[in-house]
Amino acid sequence: MDMDVDIECFQDVDPEMWYAEYVCTAKALGYVQGDGGEGIYYRPSDTLNVSEILSVIRYLYDWELIAAHEDAWYDPFIREANEQKLFDDTMSDYIEPAGDV
């Protein structure tokens, strides 16, 4: 990687692990935030869900998202994914935002 990043970016990401530089680069670029109140945990052993994957995909496609006041944090990602036809018609009604990928 070409960026100089702090590989101690989350308390639960061991800097010796193969993925540490990638995770910390994603954090430095704003692609991931982590959780635990102040984004101190990445939870590398957890399975990603649909909403989390879509929140990263939006950067790849440079989606301009508009959130309505009553939206859950992931609703703009789900709407844009449907508008971009990321899911075919048979899938879009069954997408569970918290469902594992």
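Leaving aside its neighbours within four places in sequence, Val 23 touches Cys 9, Phe 10, Val 13, Val 32 and Tyr 42, where contact means heavy atoms within 4.5 Å. The model is predicted, so local features need pLDDT of at least 70 and side-chain atom pairs count only at pLDDT 80 or more, while totals for chains, interfaces and linings use all residues. Residues are numbered from 1 along each chain as its sequence is written, and side-chain values use heavy atoms, with hydrogens and water left out.

**Exercise 1.** Determine whether Val 23 is buried or exposed, and identify the helix in which Val 23 is found.

*Solution.* 
- Step 1: Buried means under 20% relative accessible area, exposed over 50%, and partly exposed in between (1.4 Å probe, protein chains only).
- Step 2: Val 23 counts as buried because its relative accessibility is 7%.
- Step 3: Val 23 is found in helix H1 (residues 20–28); helices (H or I, at least four residues) are DSSP runs, numbered from the N terminus.

**Exercise 2.** List the residues of the largest nonpolar core.

*Solution.* 
- Step 1: A nonpolar core is a set of buried Ala, Val, Leu, Ile, Met, Phe, Trp, Tyr and Cys residues joined through side-chain atoms within 4.5 Å.
- Step 2: The largest such core has 10 residues: Val 5, Cys 9, Phe 10, Val 13, Tyr 19, Ala 20, Val 23, Cys 24, Ala 26 and Val 32.
- Step 3: A second, separate core of eight residues includes Ile 57, Phe 77, Ile 78 and Ala 81.

**Exercise 3.** Name the buried residues of helix H3 (residues 75–83) and a helix that covers them.

*Solution.* 
- Step 1: In H3, the buried residues are Pro 76, Phe 77, Ile 78, Glu 80 and Ala 81.
- Step 2: H2 is included in what covers these residues.
- Step 3: After H3 comes Lys 85, with a positive phi near 60°.

**Exercise 4.** State how many residues line the largest pocket, and which helix gives the most to the lining.

*Solution.* 
- Step 1: On a 1 Å grid over the protein atoms alone, a pocket is an open set of points where a 1.4 Å probe fits, with protein on both sides within 12 Å along at least five of seven lines; lining residues have an atom within 4 Å of a point.
- Step 2: The lining comprises 22 residues, of which Val 32, Gln 33, Gly 34, Glu 52 and Ser 55 lie nearest the centre of the pocket.
- Step 3: Helix H2 (residues 50–61) gives the most, with six residues.

Terms used: Helices (H or I, at least four residues) and strands (E, at least two) are DSSP runs, numbered from the N terminus.
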